[in-house]
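The sequence and structure come next.

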Amino acid sequence: MGDERGNPESHLSKRFSFLAASAVLLYPTFGLGIETANFPFLYILSIAMALYLFIIPVISALKFYLLTLTTLEDLNNHIILMLKSWPIILIVFLVAALYLIRGRPRNIYLVDFACYKPDEADMMSKQQLLDIMSSTFVDEAVHLQKKVLERSGYSDKTYLPESIRRLPEKIMTFEESRKGTEKVIFGAIDDLLAKTKVKAREIGIVIVNIDVLTPTPSLSSMIVNHYKLGVDVLTYNICGMGCSAGLISIDLANRLLQTQVSAYAMVVSTESTDSGYNLGKDKSKLVSNCLFRVGAAAILLSNCFSDSRRSKYKLMHVVRTHKGVDDRAFKSIYQEQDEDGNIGISLSKGPMVVAGETLKSNITTLGPLVLPMSEQLLYFGYLIARKFFKLKNIKPYIPDFKLAFEHFFIHAGGRAVLDEMEKNLDLTEWHMEPSRMTLYRFGNTSSSSVWYELAYSEAKGRIKKGDRAWQIGFGSGFKCNSVVWHALKTINPAMEKNPWTDEIRHFPVNVPLVMPLSV
């Protein structure tokens, strides 16, 4: 014992062993936020306390070490011994490097995006659509769809495919649906490639999301064929995942880009309006006839640091919530056949309730990632009161997400959806303007709607460097997905070209609650 206490090399080895053990023990705590994302209490604590759990042991170890140095000669001796203890130093360095590799994924940049604007020939007013319905459906079905159209919040300048505009003279065909979808997809991609100056063959990942049209070969293969992409391109086709699938595609692209070296990923979000059009008598399946409109968006993502200067945004967070385990949520939006064999999408009477519950689960995970500590503590206090003290009558605390984001882009699924979101998140008319104006001008374009909303804010000159934007999508399943972007530059609307550019001066407009139509 006496020899060991008098041996400075033994002291040094113990101290460095203590430091290495501290680093090894603390390393797993930094993954706690991901591993416990479904458990709010542990998640919040891991986010708030991880830094302190690391700093306190390190400071204690350094203090213990420095107290043993009494003279300059001791310091010189310990420096020499440190150099001799290079294996231990190497272990500490490797652990630190491992933490950095594990804790810091690649930055993903949104280079640019493009939203498709159909030709004026594709434009159809609500009255024109109702006239077609009057010639196609029985009176009871016509009056139901008339009521939906009058309260939709849509303008008379939304777009529908030719196959619907020609009803009932010519019945819709699969080939027309395929050609119509090709038209909007190629239009969006052409605009994207022109904006970014990226050659099609440079794109290594292609992801297409669409809900009801599933041709063979797939739409992603159609893109490969049309633009002559490389034989090593990775392609994915996401179908049946509803209006939130666009943000799911961003998540998939992010995960794929983490494994690639210097790659571009292109996401295409669209919907086939005529493929989901129902000609039956079931009322629950006729509402969707009034909702969906033509639209598409193409987004280019990159994991190359060299693209950071020209990119518009950096991806910060993706949070996905799936309530499919609940039968009510699972069947709230459900595709099925009616008694006459007509396939359609049924909307239950309670999707707003399901959407609200799914949103709460989503923001419980998102909140600790984006909210300031003051809001996190208030929300944490509310959870403690509810879970541990069983205070069921306590008023629910909704964090103020306006402290975390400058811009909110909520899927324009309908007026009722936007009204509920405005209320639940306590948003202002200014925050809701991009979503409401997108719903008015373009209608519900499904998964691409959040990109028309972002384009609206860019055209208005509202996006400033450093701004944070929250895209929220809802879809069948039932799912709520969130994507958070950080603006890398101030967007100059004079330098932008998007579907809003030529008419942005006319917005916002007042949208009446009811716009009467005649049968």
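## A residue in strand β2

Leaving aside its neighbours within four places in sequence, I203 is in contact with L193, V198, V233, Y264, M266 and L300, where contact means heavy atoms within 4.5 Å. I203 lies in strand β2, residues 203-209, strands being DSSP runs of E of at least two residues and helices DSSP runs of H or I of at least four, both numbered from the N terminus. I203 is buried at a relative accessible area of 4%; buried means under 20% relative accessible area, exposed over 50%, and partly exposed in between, with a 1.4 Å probe and protein chains only. The C-alpha atoms of I203 and L301 are 9.5 Å apart in space, although 98 residues separate the two in sequence.

## Basis of the model and overall make-up

The model is predicted, so local features need pLDDT of at least 70 and side-chain atom pairs count only at pLDDT 80 or more, while totals for chains, interfaces and linings use all residues. Residues are numbered from 1 along each chain as its sequence is written, and side-chain values use heavy atoms, with hydrogens and water left out.

The secondary structure comes to 19 helices and 11 strands, and buried residues make up 50% of the 519 residues in the protein. Among contacts between residues at least 6 apart in sequence, 79% join residues at least 24 apart.

An α-helix has 3.6 residues a turn, so residues three or four places apart point the same way. In helix α7, residues 126-136, the buried residues are K126, L129, L130, I132 and M133. Seen down the axis of α7, these buried residues fall within an arc of 155°, so they line one face of the helix; the arc is that of the directions from the helix axis to the C-beta atoms. They pack against α8 (139-150), α9 (162-165) and α13 (283-291).

Helix α11, residues 219-227, has L219, S220, M222, I223 and Y227 as its buried residues. Down the axis of α11 they fall within an arc of 155°, so they too line one face of their helix. What covers the buried residues of α11 includes α10 (174-196), β2, β3 (234-238) and β4 (264-270).

## Backbone features in the loops

Most residues other than glycine have a negative phi, and most peptide bonds are trans. K228, which follows α11 and has its place in the loop between α11 and β3, has a positive phi of about 55° although it is not a glycine. The peptide bond from T216 to P217 is cis, with omega near 0°, and P217 is found in the loop between β2 and α11. A cis peptide bond also runs from L167 to P168, with omega near -5°; P168 lies in the loop between α9 and α10.

The loop between α18 (429-442) and α19 (449-459) holds S448, and S446 is found in that loop as well. S446 has a positive phi of about 65° although it is not a glycine, and it is buried, with a relative accessible area of 1%. S448 is buried at 0%, and its side chain reaches the backbone oxygen of T445 at 3.0 Å. Not counting residues up to four places away in sequence, S448 touches S269, G295, A296 and A297.

## Enclosed and open space

A search of the whole structure finds 3 cavities of 30 Å³ or more. On a 1 Å grid over the protein atoms alone, a cavity is a set of points where a 1.4 Å probe fits but cannot get out, and a pocket is an open set with protein on both sides within 12 Å along at least five of seven lines; lining residues have an atom within 4 Å of a point. Grid points are joined across faces, edges and corners, and a volume is the space filled by probe spheres set on the points. The largest cavity holds about 50 Å³ and is lined by M352, A355, G356, L359, V417, E420, M421, N424 and F474. The elements giving two or more residues to this lining are α15 (351-370) and α17 (415-424).

About 1300 Å³ of space lies in the second largest pocket, whose lining has 48 residues, with V287, L291, L347, P351 and G413 nearest its centre. The largest share of this lining, 6 residues, comes from α13.

Note on methods:
A polar contact is a pair of N or O atoms within 3.5 Å; within protein, one must be able to donate a hydrogen and the other to accept it, and residues adjacent in sequence count only if both atoms are side-chain atoms.
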